[in-house]
Amino acid sequence: MTVLRVLLVLVGLVLSGVSGALADDEAIRATIGKFAESKNFRDTEQVVRDLGASGDVRVERALSALSEGNLSFRKIDKAVFIALEKGQTATLFDPLTGDAAGEEPKGGFTKIKVNNSLRRTIRDVISGLTLASPDPVVRLAAARTMFVAPDAGNLEALDAAIARETVASVKAALEAARASTILVSDAAEAAKLEAIAVLGKRGDRETLSLLTGFAARAQGEVQAAAQRAIDDINGTLALWDLGQNVWYGISLGSVLLLAAIGLAITFGVMGVINMAHGEMVMIGAYTTFAVQSVIRASFPWLFDWSLAIALPLAFVVAGAVGLALERGIIRFLYGRPLETLLATWGVSLILQQAVRTMFGPTNQEVGNPSWMSGGFQIGQLALTWNRLWIVVFALAVFGLLLYVFKRTAWGLQMRAVTANRRMASSMGIRTPWVDAFTFALGSGIAGIAGVALSQIDNVSPNLGQGYIIDSFMVVVFGGVGNLWGTLVGAFSLGIVNKFLEPYAGAVLGKILVLVLIILFIQKRPRGLFALKGRSVEA
Amino acid sequence: MITQRLFTGGSNRRVLVVAVILAAVAVLVPALHLALPPSSPFHVPSYIVALVGKYLTYALLALALDLVWGYCGILSLGHGAFFALGGYAMGMYLMRQIGDRGVYGNPILPDFMVFLNWKELPWFWYGFDQFWFAALMIVLAPGALAFVFGWFAFRSRVTGVYLSIITQALTYALLLAFFRNDMGFGGNNGLTDFKDILGFNVQAPETRAALFAASALALALALLVTSAITRSKFGMLMIAVRDAESRTRFIGWRPENVKVFAFTVSAVMAGIAGALYVPQVGIINPGEFAPANSIEVVVWTAVGGRGTLVGPIIGALLVNGGKSWFTGVLPEYWLFALGGLFIAVTLFLPKGIVGTFDSWRAARRDAAERARTKAEEDAAPPPVDPVTGRPARTEVAERSTTSDLAGGPAPQPAE
C-alpha cells in the first residue's frame with residue numbers, strides 16, 4: 001500500500017512538473033514573440049528583461065542568438081526563429097528548444113536589431129539566470145562573471161541566489177559578487193563598508209584590481225576603508241609571492257640537485273672533474289626519448305609508464321658510458337686533475353656530436369605522462385605537477401644515495417677512499433674498483449636526472465651544457481665529499497637565484513649569483529661543508 | 001734545415017729563431033701580398049693573409065695561457081674573457097670611428113644605441129674616439145680584471161681545479177652580461193660594421209697587410225718578453241710555485257704575488273691579442289666569451305707543449321689550420337676530431353709536440369753519449385780527479401743536465 005501511495009505521489013509530481021514546464025513554455029514563447037513587435041532598442045531591452053524575470057534557464061538560447069545577431073522573425077506571421085543565414089537561405093531553429101525548423105529563403109525574415117548596450121544587458125541577464133542553474137559549476141562561473149563585471153541591477157538576483165545557495169564555495173563566490181555589486185551600486189555607506197570588509201578577506205589579485213578601481217572613484221571614509229583593504233591585500237599577496245618564489249627556488253634547486261649530485265660524488269670520491277657530466281644528463285634524456293618512441297610506436301597503452309621504464313634504462317645506459325669512460329680514459333690520468341678535466345671535455349664534445357649525428361641537431365619531443373601534466377592551486381600559489389614530482393624525485397634520489405653511502409658496505413668503502421685513499425688501499429679496499437663503480441654510479445645518477453629534466457627542458461644535444469656550470473657552482477659552493485653540502489648548496493643557490501630574478505632580471509640575477517659564489521670562495525675555498533683534513537694542500 | 005736549427009740549442013736560441021722567423025713573416029707576407037700581381041705564383045692571396053693573421057692572434061693568446069699554465073701551474077679556463085675584453089676595447093674604438101657613416105647617420109651614437117633609442121653616449125664609451133685611450137684600455141681592462149680576480153683568488157689559496165672552475169664561471173658570467181642589451185656593448189650582435197682604423201680603411205689590402213704585420217710582430221715581441229720573464233729569477237720562482245707551492249711558501253716567498261703578476265701579464269697579452277683579432281675579422285660579439293672557446297685555447301697550448309713558449313704558437317697554428325681544413329672537408333666530424341685531440345693529447349702526448357721532441361732528443365743524445373763514454377772508458381782508464389782521487393765526472397753528463405733544464409722543465413701536474 002505504502003509503496004503504491006509513494007508511486008502515485010511520484011507520478012503526480014512528475015506530471016505536475018511536466019505540465020508546469022508546458023505552461024512556462026507557452027508564457028516564454030509569448031514573451032519571445034514580443035521581439036517581433038519591438039520598435040526600438042528600448043522595447044527589445046524590455047523583452048530581454050522580461051525573459052530574464054521568467055527565471056527559466058532555457059531562454060539563454062534565444063538571448064545568446066539575439067546577442068550574436070541570429071534571432072529573426074518571419075515577416076508573414078511574426079514567428080520568431082533562430083536563423084542561421086547561408087547564401088540566400090536561412091536555416092531555422094526553434095528559439096526555445098533549439099530543434100531544427102527547416103530552411104526558407106532568407107528574404108522572408110527580418111533580423112531583430114541589437115547594439116552593444118543591449119548585448120551588455122543580455123550578458124547580465126544570462127549571468128543572473130545561470131545563478132539559478134542546478135549545476136554548481138555553472139553557478140560558480142556566473143558568480144565569478146558578476147564579481148569581475150559587477151552590475152547594480154543584479155543585486156536582487158544575487159540576494160535571492162545567496163539565500164538558496166547550499167554549496168559553501170559557491171556561496172562565498174556569490175557573496176563576493178554581491179559585495180562587488182554593492183560597490184558599484186548607490187547603496188548606503190555602511191553597506192559599502194561592509195562590502196569592503198567582505199572583499200578585504202578574499203585577498204586575491206582580482207579583488208585588488210576591483211578595489212583599486214573603486215578607491216579611485218570613492219571618497220571619504222569609504223575610500224579610506226578601501227585603501228586599508230588594498231594595503232591588507234597587498235600584504236597578503238606579498239606573502240604569497242614570497243611563497244611562490246620559495247617554491248620556484250625549490251623547484252630550480254631540485255633540478256640543480258639532480259644535475260649536481262652525481263658530479264659531487266665523482267668529484268668528492270675521486271677528485272675528478274668530469275666535464276662530460278652534462279652529457280650523461282643528456283644521454284638520460286635521450287634514453288627517455290627513445291623509450292617513448294618505442295612505446296608510441298608499439299605499446300601506446302604503456303605511455304603513462306614510460307618514465308618508470310626509462311629510469312632504470314637511463315641509469316644503466318649512462319652508467320655504462322661512465323664505466324667505459326673511467327676504464328678507458330680517466331684511470332690513466334689519476335693524480336693529474338687538470339688533464340682529466342681536458343680529456344673529459346673532449347669526451348663531452350664527442351658525445352654531443354655523436355648524439356647530434358644520430359638524432360639530429362633539433363629538439364626532440366618528449367611527452368609528459370598524464371600524471372605529470374597540468375597543475376593546481378593552493379591559495380594564490382600555482383603549482384605544476386611536473387615540477388612537484390621532480391622535487392619529490394630529487395629528494396628520493398638524494399635519500400637513496402644517502403642510504404647507499406651511510407648504510408652499505410660499498411658506501412663505507414667509498415667514504416674511506418674519499419677520506420684517505422692510501423690508507424683505504426692499505427686496508428685492503430680495491431680502490432680502482434671503488435673508483436670505477438663510483439664513477440658509474442655518478443654517471444648513472446646523471447642519467448636519471450636526464451629522465452627528470454626531459455620533462456621540463458628541451459631535449460637537444462646541448463641539454464647538458466646548460467647545466468654543467470651551474471652544477472659545478474653547486475658543488476664548489478656546497479663543498480666536496482659531503483652529500484648534505486650538495487643538498488644545501490643546490491637549494492640555496494636555487495632560492496637565491498629566484499629571489500634575485502624579480503629585482504635584477506633573470507640574466508643579471510644569474511651573474512650576481514656567480515659573483516657571490518666567487519666572493520664566497522674567498523672566505524671558504526673548500527665550500528660550505530668542507531672535509532676536515534690535515535694536509536696543507538688537500 | 002730550419003726545423004733542425006729550431007729544435008737544437010736550448011729554449012733561448014729556439015725562441016730567438018722563432019722570433020726572427022715571425023719578424024721575417026711580418027715583412028715577407030705583406031710584401032708578397034701587395035707587391036706581386038695575383039697571377040704570380042708567389043702571390044699571397046688576401047684570404048690567406050686574413051686567415052693567418054687571425055691565427056697569429058690566436059697564437060698570442062695561447063702564448064699568454066702558456067705563461068700562466070705552463071710556468072705557474074694556473075689552468076685558466078677563462079682566458080677567452082681577457083681576449084674578448086681587449087677585443088671589445090678595440091671594437092669600441094672602431095665603432096666610434098664610424099662616425100656618421102652608420103645606417104642611422106648619428107655622428108656620436110653607434111647604430112645599435114640609436115636602434116635602442118638611447119639619447120646619449122654611456123659614460124664608459126667616453127674617450128674611445130681617441131686611439132691612445134682605446135690602446136690604454138686594451139691593456140688596462142683585462143689587466144685590471146685579472147689583477148682583481150687573481151688578487152682575490154690567489155690570496156685565499158684557491159688552486160687547482162677549483163681555480164679552473166671559477167675562471168670558467170668568470171667568463172660565463174661575462175658572457176651572460178655582454179649578451180644583455182642594457183650593458184651598452186651591442187648585446188647579442190656585438191660590435192661590427194667597422195670602417196676605419198687610425199684613418200685607414202679596415203677593408204683595404206694595405207691595412208690588412210699592416211694588421212698582419214702588427215700581429216706577427218706583437219707575437220714575436222711577446223715571445224721575447226715571456227722568454228725574458230721565464231728565464232729571469234722571477235721565472236724560476238714561477239716554476240717553483242708551479243712544482244711545489246707550499247714549499248715555496250715555507251721558504252719565505254709569497255706565491256700569491258707571483259701568481260697575480262703572472263696572471264695579470266698573461267691577461268694583458270691576451271687582451272692585446274683580442275685587440276689585434278677584432279679589426280682582422282671585423283666583428284666582436286659575446287660568443288667570444290663562451291667557456292668552450294677558452295677551453296679550446298687550452299688544447300692549442302697542450303698540443304704544442306706547455307711550458308715551452310714556442311710550443312703553444314705551433315699548437316695554435318696547427319690546430320686552427322687543421323680546423324679550417326677539417327671544417328671545409330668534413331664539417332660534421334670536426335667536433336669528433338677536436339674531442340679526440342683533447343683525449344689523445346692528454347693520454348699520449350702530455351708534454352705536447354715540442355716537449356715530446358725535447359725529451360726524445362735528450363734521450364737520444366744521452367744514449368749516444370753513454371755509448372761514446374763507454375767506448376772511451378773501454379779504450380782508456382777513467383780519468384782520475386787529482387784532488388779527490390775519484391773518477392772525474394764527465395763534462396758531457398754535466399752538459400746534458402743543464403741543457404735539460406734549459407730545454408724547458410718537464411710539465412708537472414698542478415697541485
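This tour goes through a predicted model, stop by stop, with something to select at each one.

Local features here need pLDDT of at least 70, side-chain atom pairs count only at pLDDT 80 or more, and totals for chains, interfaces and linings use all residues. Residues are numbered from 1 along each chain as its sequence is written, and chains are lettered from A and ligands numbered from 1 in the order in which they are written.

**Stop 1: the sheet of chain A**

Start with chain A and show its strands. Helices (H or I, at least four residues) and strands (E, at least two) are DSSP runs, numbered from the N terminus. Five strands make an open sheet in the order β4-β3-β2-β1-β5, with antiparallel pairing. Two strands pair if DSSP finds at least two bridges between them.

Now pick out β4 and β5 (109-111) of chain A. Both stand at the edges, each with a single partner strand, so one side of each has no neighbour in the sheet. From one strand to the next, the twist averages 40°. Such angles run from 0 to 180 degrees between N-to-C directions, and axes are lines fitted to C-alpha atoms, for helices over the stretch in contact.

**Stop 2**

Select residues 89-93 of chain A, which are strand β3. In a regular strand the side chains alternate between the two faces of the sheet. Which residues of β3(A) are on the covered face? They are A:A90 and A:L92, while A:T89, A:T91 and A:F93 belong to the uncovered face.

β2(A) pairs with β3(A) in the antiparallel sense, over five bridges. A:E85 stands opposite A:A90. A:I82 has A:F93 as its bridge partner. Two residues separate the strands of this hairpin, and A:G87 in the turn has a positive phi of about 60°.

β3(A) and β4(A) run antiparallel and are joined by four bridges. A:A90 stands opposite A:E104 on this side. The hairpin of β3(A) and β4(A) has six residues between the strands, and A:G98 takes a positive phi near 85° there.

**Stop 3: chain B as a whole**

Switch to chain B. Chain B holds 16 helices and four strands. Of its 415 residues, 44% count as buried. A residue is buried if 20 or more other C-beta atoms lie within 10 Å of its own, exposed if 12 or fewer, and partly exposed in between, with C-beta atoms placed from the backbone. Among contacts in chain B with a separation of 6 or more, 78% are between residues 24 or more positions apart. Two residues are in contact if their C-beta atoms, placed from the backbone, lie within 7 Å.

**Stop 4: where the chains meet**

Show both chains together. The contact takes 36 residues from chain A and 41 residues from chain B. On the chain B side, α7 (160-179), α12 (291-304) and α14 (334-348) each supply at least two residues. Which helix gives the most to this side? It is α7(B), with 14 residues. By class, the chain B side has 29 nonpolar, eight polar and four charged residues. Ala, Val, Leu, Ile, Met, Phe, Trp, Tyr, Cys and Pro count as nonpolar, Asp, Glu, Lys and Arg as charged, and the others, Gly among them, as polar.

**Stop 5: two helix pairs in chain B**

Select α4 (residues 79-98) and α6 (131-155) of chain B. Their axes are 9 Å apart, at an angle of about 160°. The two helices are therefore roughly antiparallel to each other. Angles under 35 degrees count as roughly parallel, over 145 as roughly antiparallel, 65 to 115 as roughly perpendicular and the rest as oblique. Residues that meet here include B:F82 and B:L85 in α4(B), and B:F131 and B:A134 in α6(B). The contact has 14 nonpolar, one polar and no charged residues.

Move to α3 (residues 46-72) and α13 (residues 310-329) of chain B. Their axes come within 8 Å and cross at roughly 135°. That makes α3(B) oblique to α13(B). Among the residues in contact are B:L51 and B:Y55 of α3(B), and B:P312 and B:I313 of α13(B). This contact counts eleven nonpolar, three polar and one charged residues.

**Stop 6: two loop residues**

Finish with B:R157, in the loop between α6 and α7 of chain B. Phi of B:R157 is near 60°, positive in a residue other than glycine. B:R157 counts as partly exposed, with 18 C-beta neighbours inside 10 Å.

Then select B:L198, in the loop between β2 (196-197) and β3 (200-201) of chain B. Phi of B:L198 is near 55°, again positive in a residue other than glycine. Is B:L198 buried or exposed? B:L198 is exposed, with 11 other C-beta atoms within 10 Å.
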